[in-house]
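Reader: I would like to learn how to read the features of a structural model. Please take them one at a time, with the general idea before the case.

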Amino acid sequence: MCSSVRVIATNSSLRLIPSFSPRLPKTSSAFRTLSTVTTCASRTTEYSQFPKPFPSYTTRHFHAPSSTMGPLPAVQTISKHDDKVRMLVLETDAVHPDTHKEIGSFGEVFNDLLVRAGDAHDPQLGIETIMQYIVEPDGGRVPDHSDIPKDLHAILITGSEWDAHGDDEWIHKLMEFIKYIWTHRPDIRFTGICFGHQILCRTLGSTVEPQSNGQWELSHTPLSLSPIGKELFQTTSPTLHLHQMHLDHVVNAPSAHTTNLLKPDTAVHVWATTDHTQVQGVYIQKRLFTSQGHMEFDERHVKRQLEMRVEAGSVGQGDADEAAERAGWRHDGEVVAKAVLRFFHGDDDAVE
């Protein structure tokens, strides 16, 4: 079977979008449609010439999805850099409709954030991203382990309105997928944001539950860094600031006592705490780097997420108004993105 692929370029990457994807990004001045490439299981289509102002790209061969990365109906970006990180973003929620029109899905938001982090890396580092929506009740699909490319470096799991402590079938499928990759692909590193942080910790034996007092942690929040946190973020400051949007929290960090996926001598570090949530992020050398806070959120994301939660009745209007006042404050999302990219690339492997 053949399918069309839109080829979109930014200053740092190409984006391949299968025509059957229901989640096409908005094409604006930041994105340029360069060509349509037809791919079939029986042949390869080569596309190698790119108009100015984009620099020359190495000739790429675009195979059918089933021949390169399994049957994932994914959006994929291609980096022009020689040194690059290949990442799979598992999208566990959809952004606010207005945000999607402006800047795309969560996968695109994370891709663009890490592209900026790669541009700031010395020397510059490329990002290639496969994006897959996995909420099966909403038409997504949790990947099978056989779908995962052999040259993949990292998996990022996004935030979600779903409960990471829930017993939904797709959530259990996701946990089984994580367990398989953790066991059989030790070369792949994991990160997770909010829900992603919680589901990774749950898979490794942590308890995840709502705060007993019903209080949310919302918007711009100072986090108290541990010594490992200061080392990971290359700072001497005792605090880091991130946007928060959660009621559920990880009660206890993973350990060899909570799962057989970790060896008895595995060092598990909590890199930051707040009064609301004692496990703000978990670091395991060469395997795991999670964050309860949202490195990808800006004022627009925070205010729209607050609106959605007020409409759903989960957050009171007064709490949302107070949180919205802090939504535009300067935060450290790009600092966290740079640290995650260094983790993916292996720059900080000496951090134990």
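Author: Accessible areas here come from the Shrake-Rupley method with a 1.4 Å probe, and for residues only the protein chains shown count as cover. By that method the protein chain exposes about 15100 Å², of which carbon and sulfur atoms supply 47%. This is a predicted model, in which local features need pLDDT of at least 70 and side-chain atom pairs count only at pLDDT 80 or more, while totals for chains, interfaces and linings use all residues. Residues are numbered from 1 along each chain as its sequence is written, and side-chain values use heavy atoms, with hydrogens and water left out.

Reader: What is the mean pLDDT of the protein chain?

Author: pLDDT is the predictor's confidence in each residue, from 0 to 100. The protein chain has a mean of 82, and 79% of its residues reach 70 or more. Over residues 1–71 the pLDDT is below 50, although this stretch has 162 contacts in the model beyond near neighbours in sequence (contact means heavy atoms within 4.5 Å). Where pLDDT is low, the predicted coordinates should not be read in detail.

Reader: How many helices and strands are there in the protein chain?

Author: Helices (H or I, at least four residues) and strands (E, at least two) are DSSP runs, numbered from the N terminus. The protein chain has 9 helices and 17 strands. Among its contacts between residues at least 6 apart in sequence, 73% join residues at least 24 apart.

Reader: What percentage of the residues in the protein chain is buried?

Author: Buried means under 20% relative accessible area, exposed over 50%, and partly exposed in between (1.4 Å probe, protein chains only). Of the 352 residues in the protein chain, 55% are buried. Helix 3 (residues 106–120) is a case to look at: 11 of its 15 residues are buried. Among them are F106, V109, F110, L113 and L114, but also E108 and N111.

Reader: What span does helix 3 reach from its first C-alpha to its last?

Author: The expected span of a helix is 1.5 Å times one less than its number of residues. Helix 3 reaches 21 Å, close to the 21 Å expected.

Reader: Is W170 buried or exposed?

Author: W170 is buried, with a relative accessible area of 2%, and its place is in helix 4 (residues 169–184). Not counting residues up to four places away in sequence, W170 touches T92, I134, V135, E136, P137, V142, W162 and F195. The C-alpha atoms of W170 and E136 are separated by 6.0 Å, with the two residues 34 apart along the chain.

Reader: Where does H81 lie?

Author: H81 is in the loop between strand 6 (75–79) and strand 7 (84–91). At 12% relative accessibility, H81 counts as buried. Its contacts, leaving aside neighbours within four places in sequence, are with D119, Q124, L125 and G126.

Reader: How many salt bridges does a search of the whole structure find?

Author: Side chains of opposite charge can pair when their charged atoms come close. A salt bridge is a side-chain nitrogen of Lys or Arg within 4 Å of a carboxyl oxygen of Asp or Glu. The search of the whole structure finds 16. One of them joins R300 and E102, with the closest N and O atoms 3.0 Å apart. R300 lies in helix 7 (residues 299–312) and E102 in helix 2 (residues 97–103), so this pair ties together parts that are 198 residues apart in sequence. R300 is partly exposed at 31% relative accessibility, and E102 is partly exposed at 37%.

Reader: Which residue does R141 form a salt bridge with?

Author: R141 pairs with D147, the closest N and O atoms being 3.0 Å apart. R141 is partly exposed, with a relative accessible area of 27%, whereas D147 is buried at 3%. In another salt bridge, R185 meets D187 at 2.9 Å, N to O. K84, R86, E128 and D151 are linked in a network of salt bridges.

Reader: Which residues point one way from strand 16, and which the other way?

Author: In a regular strand the side chains alternate between the two faces of the sheet. From strand 16 (residues 281–284), G281 and Y283 point one way and V282 and I284 the other, and all are buried.

Reader: In which sense do strand 15 and strand 16 pair?

Author: Two strands pair if DSSP finds at least two bridges between them. Strand 15 (residues 269–273) and strand 16 pair in the antiparallel sense over 3 bridges, and A272 has G281 as its bridge partner. Strand 16 also pairs with strand 17 (residues 288–289) in the antiparallel sense, over 2 bridges, where Y283 stands opposite F289. The hairpin of strand 16 and strand 17 has 3 residues between the strands, and in this hairpin K286 takes a positive phi near 65°.
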